[in-house]
Amino acid sequence: MEKKNEIIKEDEQSAGISRMDFLKGVAIAALGGAALLTTKKYTTSPDVKAFEGKKKRYGMLIDLRKCVGCESCTIACKSENNVTVDSSGMNARRIFWNHLVYTEEGGEHPAIHARPQPCNHCENPPCIKACPVGATYEDESRGVVLINYDNCIGCRMCTVYCPYSRRYFNWEKPHFPHVERLDEKGMTASAGGFNPSVQVRTKGVTEKCTFCIHRIIAAEERAKKEWREVRDGEIQPACTATCIGGTRTFGDLNDPGSKISRLVKENKDKIMRLEEHLGTEPKVFFIKENI
Amino acid sequence: MKKIRQTPNEASITTVSRRQFFKSAALLGGSVLLCDKLAFAQKELDAAYARGENPFADPASIIHTTCMGCHAHCDIKAKIYQGVLVKLEGSPYGPNGKLPHFHYNTHPKDEALYDGKMCLKGQSGIQVQYDPYRITKVLKRAGKRGENLWKTIEFNQAVTEICEGGVLFKDVPGEENRKVEGLRDLWALRDRQVMEEMSKDVMTLLHTPQGEEKKKAVEAFKTKFSDYKGKNYLNTLIDPDHPDFGPRNNQFVWYGGRVQYGREAFYLRWFEGGFGSINWVNHCTVCGGSQRCGHAEYAMQQNPEDGQFRNEGGGKYKVDHCYFSTDFLHTEFLMLFGHLIFEANYGPTHLAERVTEGLASGRLTLVSVDPRLSKTGSKSHKWVPIKPATDGALIWAMIRWILENERYDKKFMSNANKAAAIADKETCWSNGNYLVKYKDDGPGDFLRAKDIGAVQEGDIAKVYVAQDGKIIPVIPDDVTNAVDADMFFQGEIQSKDGKTIRVKSAWQLIKEYAFSKTFEEWASICGIETETITWLAKEFTSHGKKAAADSHRGTASNAWGTMTTFSLNTLNTLIGNIDWKGGWQKGGGSWDFKGTKDHQPYSVMAKLHPGSLKPFGIPLSKQCSVRGLGHRDTTYENSTIFAGYPAKRPWYGPSKWGVYQEAIPAGAEGYPYKLKALWLACWTTPAAANGNAQKIIEALADVNKMPLLFANDIVIGESSMYADYIFPDVSYLEELQTSKWPSSNMPHKANPLRQPTVAPVVDNCKVYGQEMPISVDAVKMAIAEKLGLPGYGPDGFGPGQNFTHYDQFYLKSAADIGVGDKPGDDVPDASDEEIEIFKKAHAHLPKSVYDYDRWREAAGEQYWRKVVTIFNRGGRFQDFEKGYDGDKMGNKWAKMVNVYSEDCERTIHPGTGKRLPGIAEYRPVMDFFGNDLLAIDEKAGYPYTFITYKVVGGANFRGTAAYYWIRETLPENYVVMHIEDAEKDGLKDGDMVKLSSVSNPEGMWDLKNGRKYPCGGKLKTTSGIRKGVIGVSYHYGHWAYGSTNVKIDGEVIPGDPRRGSGINPNGIRRMDPHVKDVPPSDPIGGQESVPTKVKVTLMTEEDLALMHKHNPAAFITKEMTKTYLGGV
């Protein structure tokens, strides 16, 4: 903790006035941290192109030492992204864009290890190669792998090609017990509880984690309006914002000053990525548990 | 009978129809009002995005409120679009939502950009809000109790029938002529002055010695009130021969579930102050009753006027504190006793990060003492799989080791009063050095001035200590004369009449008790190796003040729960960690929300309650006082029904809240008197949550035992299904209430606030001419209007101050919070801009729940801007830095702490007739006669000890049923057993097994509506549980709550069996052998005991057939969850 405080202090000094303008009194300082502070503020009309064209490589760091296996991220993701509720009762048909993978040790010293697993948004995504119609694509300015649901033909090639099983097929029409009602004509209608920022998928398409692309875009739009760059820490996917253990860091891997870049560098002995030998170059990093 | 092994096959599973739509307008799923609002909203939103706008960055699209996924009171924000709730997020304003949290003066515009932390239950709140099974109209029973046949009726009709009584169920077979007494009949004593006079006389009567004297006092009472001020008041009593039962008002009993503090205050004002009944029963004793009681013993303080030690809510010297916890953010060694900080407790949300930060940085060594390996245990450095209900023995082993090796904080121990503590840079001191007099049957009260001489002025507060072997007086709260004392002392002193009094210091008693068993003996009781205990004790005493032993409900959920928690506090006292950063804290506390301070504008409970009644009499749950710890009024020995030992039914220690498992069976039996009307309020569910759930069902289903039974629920629940009337209630996202901090594990002062975020889905009613949603608050208001209870309606708060809508109560309370605890402690006024944000954010709410002018008038013009500041932030929160003060906590206890309790030592056990100890001794799970129940049952052939626990996805108010997303991750729970035990018994994963016990040898649930099925389900084996222990979690096995069919107005509403999967294990819990309808219970705190000896057997064909017929939901999940630890 002491250490953390030092970092905060340092950053506060470097932040100077621009930061105070931004959040008077949000002395939270701290968390959003470091990055908030290095924000550049434009004083004249910004050259929008200057940063629109600038490539971002968004990534996520998950500190497994801090993961308590509560699944808050799992549920936050389902709520944020309007993910269907399975009604088949078959485990394999449940859809979790972000899921916890558990490994259990038995015997004399039993233990459970939880590992949250969103889409890795690989640098070399096998799913894109698999898609015969180009419905899966990389948002090149952000390094986020996305699906155009309207173009997806439901062939499920990508679900097979993804070595992490992070893609899910909608076997049935999406089911939301808490929002479904019959309207006067006896048709299904919704009452609320949907996140209107996220498109609901239909039966027969594949879906997966988007790094909450709608939140990324919203933050970018906001920054543009305020004539500034997006601050590090400003974009928080639902899983990251909600994490009760303080496990996740989201940010731009291309920015060496971002919190995620710094943590990846500082912890390089403890960092791992999944199935690195496959050469997919995941952008989701893990700090291993202390064992 | 052939035993077969069966994991149910596909054919036997009731198919869930994917879309179980229903048309009944009595439930939300059938209402058309909300339909397709969102389609419109979506278009608007797309257009907004096209314009480059993000509507959710606008503070006017957000309402800050407080979660109720559990009782932790997390500050949350509801994102609203076009009047529809679309997403819930954590709020960075509150200390639960962000570490460290935002400054209170942060502008909502800036805060809107950030989301805080929120756990999975909180995220699922949206599924509670829009749960299709939510009730929207008033339901009246159209069949037998529990038959689930209903008809919808008008709100006013229901209120009239409840108030006036009559032959209410003519159409129900068997009840054609049953006449029900209404609330008007029970509201017998209405005159405040007469009630006060009677109350005073009854108090005198209680303290009159048994025998002839008491008989005479009863006669005198009868004579006086047969003609009091020209009227005969004896007919207002339950029984004039037993005036201590109190007035007939007491036969109306209130049962509360997830009530929370603002509603609680309003309830008390209504139920006690308005109706005048003493039988306010909250759910504490199946929750944290004894744990809180154990902390309350630790926190008692001296009242300097009479020298007695108390912990009470009222009076000039009020001390009202019953919770201590660890400063998780700075501690270095933390021992958790059955304490699931990552799963349960007062929310994992704020505790998790404080602890994980320590795990990652290496600051913290974490130990989990628990028979079961939880997620918390798995994250700990050490898991100590203790025998269930033997935490006390482990604690005493540690105390022994620490005393033997002199590893305690000697400086802290030497201080005998406040002045001595201050001199040593401490804020607190213990009562352990005070000298205790010996009575014939053991240690008794503290030695006082009256024992050894005439009492002069100023002597009343004196107690005595030994200083270098010499006995000297000390005044605990003395801040000028520092007194250091001997920790261990025994000796003699002459009494004033020349007798010899043996005295010992409390620490001496503790030492003697610790050494009454060898280290090995203590270790063998709790089943932990001596090396482990040595390591624990050594580590615990190796971090200075930055260590703590903490518990939640785990240590307290047995028949000796108060003492176990008290012993934990004794252990903490040895390192003197109270008030130190990283040590033991009292918590941030809250600002006074009832306006009891002189400078606060609205004293809503007292001065602003004209004509309020003050109930009296023996409560049905027979706690010895409702005034607080240290009072002994309605004890068994004082009562007019004292008849030697054992008493006919258990009596308990002091409590305001009643004994949840006791009041219904006692009222059904009529000891001391019959219950006539029962209100199951705030979704309370004794028929599912209690250890004696099966017995509660039997009582509720019997119209002769519970003549009038009505409930408030958001869904037809496990208990409300037995009611005569069910009123809908607003959800926590629709209600309004001020509150306070529930626990002490948060170092920051706060008052979370709950406010309507969207228009309630329930129907409106009209009370006092005002529209309001049907809810517990509306029912209170309507009954008040119907009966004319004092303090409601026009001028209800006093001349010129109307109480015609329930929100007026909470707005006044919010104004009190805004003003603060002392002059100058107020929140800043909202700017014009913030007022605009407030108006815009609330614009979508209907007048029934929000009206700008009504709200402003209720709060008062000069406080209104403060109230808006609070509403815009979802409460009032202390800034982060103020939580700490150098190396100490910012919000300090700064008082005495106790290791010896006169309150306990004066308690006579109603079963054995023996006095209880004053120090926190260890006992096994005992029945009413003092026998070791687990040992007896083991001999009777029940080899396993059953325990229970919460899982991270499990909620209060049984909302788990509606959490469809969570149910995907945790679809059901299991009978969890050690893998080697299972192998020994020839059982394996997935087997359908049944539990049985001495109290339920058949192992059956009987719902008294034709449904009877085995208590059990699928078996899960693991190495993560102590051998010999069986664990089954809470939250699952719903037999109502939308899981089964109900019929409303002739239409069958299909249930969704997914909501009923898993097991509710409470059916086999052990009952006390004396009364047979309540579990063995803590004689002090009243906690019901969980540990039960059970048998685990494969279900027979007959069992399985019953299961398929009456509980098909048990088979709904086809595959088992892969890991036990990862889930249930």
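The model is predicted, so I note its terms: local features need pLDDT of at least 70, side-chain atom pairs count only at pLDDT 80 or more, and totals for chains, interfaces and linings use all residues. Residues are numbered from 1 along each chain as its sequence is written, and chains are lettered from A and ligands numbered from 1 in the order in which they are written.

I took helices (H or I, at least four residues) and strands (E, at least two) as DSSP runs, numbered from the N terminus. Two strands pair if DSSP finds at least two bridges between them.

I checked the pairing of strand S2 (residues 75-81) of chain B with S3(B) and found it antiparallel, over six bridges. B:Lys79 lies opposite B:Lys87 of S3(B). I then looked up burial (buried: 20 or more other C-beta atoms within 10 Å of the residue's own; exposed: 12 or fewer; partly exposed: in between; C-beta atoms placed from the backbone). In strand S3 (residues 84-90) of chain B, seven of seven residues are buried.

**Entry: the S31-S32 hairpin**

S31(B) pairs with strand S32 (residues 770-773) of chain B in the antiparallel sense, over four bridges. The hairpin has two residues between the strands, and B:Tyr768 takes a positive phi near 50 degrees. The bridge partner of B:Cys765 in S32(B) is B:Met772.

**Entry: a three-stranded sheet**

I traced an open sheet of three strands in chain B, in the order S29-S30-S33, with antiparallel pairing. Strand S29 (737-738) and strand S33 (875-877) of chain B are the edges, each pairing on one side only. S29(B) and strand S30 (residues 750-754) of chain B share two bridges. B:Thr738 stands opposite B:Leu753 of S30(B).

For angles I used axes that are lines fitted to C-alpha atoms, for helices over the stretch in contact, with angles from 0 to 180 degrees between N-to-C directions. Angles under 35 degrees count as roughly parallel, over 145 as roughly antiparallel, 65 to 115 as roughly perpendicular and the rest as oblique. Contact requires C-beta atoms, placed from the backbone, within 7 Å.

Helix H25 (residues 807-819) and helix H27 (residues 852-859) of chain B pack at an angle of about 50 degrees, with axes 8 Å apart. H25(B) and H27(B) are therefore oblique to each other. Residues in this contact include B:Leu811 and B:Ala815 of H25(B) and B:Trp855 of H27(B).

Helix H26 (residues 832-842) and helix H28 (residues 864-873) of chain B cross at roughly 55 degrees, their axes coming within 10 Å. H26(B) and H28(B) are therefore oblique as well. I listed B:Glu834, B:Ile835, B:Ile837 and B:Phe838 in H26(B) as meeting B:Val868, B:Thr869, B:Phe871 and B:Asn872 in H28(B).

**Entry: B:Thr534**

I found B:Thr534 in helix H19 (residues 530-540) of chain B. B:Thr534 counts as partly exposed because it has 16 C-beta neighbours inside 10 Å. B:Thr534 and B:Lys137 are 397 residues apart in sequence and 61 Å apart in space, C-alpha to C-alpha.

Terms used:
Two residues are in contact if their C-beta atoms, placed from the backbone, lie within 7 Å.
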